[in-house]
Amino acid sequence: MLSSTLAAVEITGSLSAIGYGLAAIGPGIGVGLVFSAYIQSTARQPESSRITLPYVWIGFAVIELLALLGIAFGYAFGN
């Protein structure tokens, strides 16, 4: 009786949204690590803040690019 009930269940939709949702955790953690490292380095040596700020934005841009590529590939190859 139970097996016939489970066989009638049909899953529709794309699993790429779930995959991207899981893949978005990585860039979220990466952005947090980049900015926390910048805050710590600035707190330890305030005069180096202007020197290290461009590297923070480059790191942020690369991490966000990877997240955008993940969503683009999820839509492109999801079907």
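## Two annotated segments

Over residues 51–77, the chain is 96% helix and 0% strand, with end C-alpha atoms 41 Å apart. Over residues 20–39, the figures are 95% helix and 0% strand, and the end C-alpha atoms are 29 Å apart. Helices (H or I, at least four residues) and strands (E, at least two) are DSSP runs, numbered from the N terminus. UniProt, in an unreviewed entry, places the feature "transmembrane region" at residues 20–39 and 51–77. Its positions follow the numbering used here, feature names are shortened, and annotations may be inferred rather than shown by experiment.

This is a predicted model: local features need pLDDT of at least 70, side-chain atom pairs count only at pLDDT 80 or more, and totals for chains, interfaces and linings use all residues. Residues are numbered from 1 along each chain as its sequence is written, and side-chain values use heavy atoms, leaving out hydrogens and water.

## Aromatic contacts between H3 and H4

The structure holds 3 aromatic pairs. Phe-35 and Trp-57 form an edge-to-face pair, 5.7 Å centre to centre with 75° between the planes. Phe-35 lies in helix H3 and Trp-57 in helix H4, so this pair ties together parts that are 22 residues apart in sequence. Rings of Phe, Tyr and Trp (its six-membered ring) pair if their centres lie within 6.5 Å; planes under 30 degrees apart count as stacked, over 60 as edge-to-face and the rest as tilted.

Phe-35 is partly exposed at 26% relative accessible area. Trp-57 is also partly exposed, at 47%. Buried means under 20%, exposed over 50%, and partly exposed in between (1.4 Å probe, protein chains only). Phe-35, Trp-57 and Phe-60 form one aromatic cluster. Phe-60 and Gly-32 are 9.4 Å apart, C-alpha to C-alpha, and 28 residues apart in sequence. Gly-32 is in helix H3 (residues 25–44). Gly-32 is partly exposed, at 39% relative accessibility.

## The loop at Ser-48

Ser-48 is in the loop between H3 and H4. Ser-48 counts as buried, at 14% relative accessibility. Its side chain reaches the backbone oxygen of Gln-45 at 2.9 Å.

## An exposed leucine

Leu-66 is in helix H4 (residues 49–76). Leu-66 is exposed, with a relative accessible area of 53%.

Note on methods: Polar contact = N/O pair within 3.5 Å; in protein donor to acceptor, adjacent residues only side chain to side chain.
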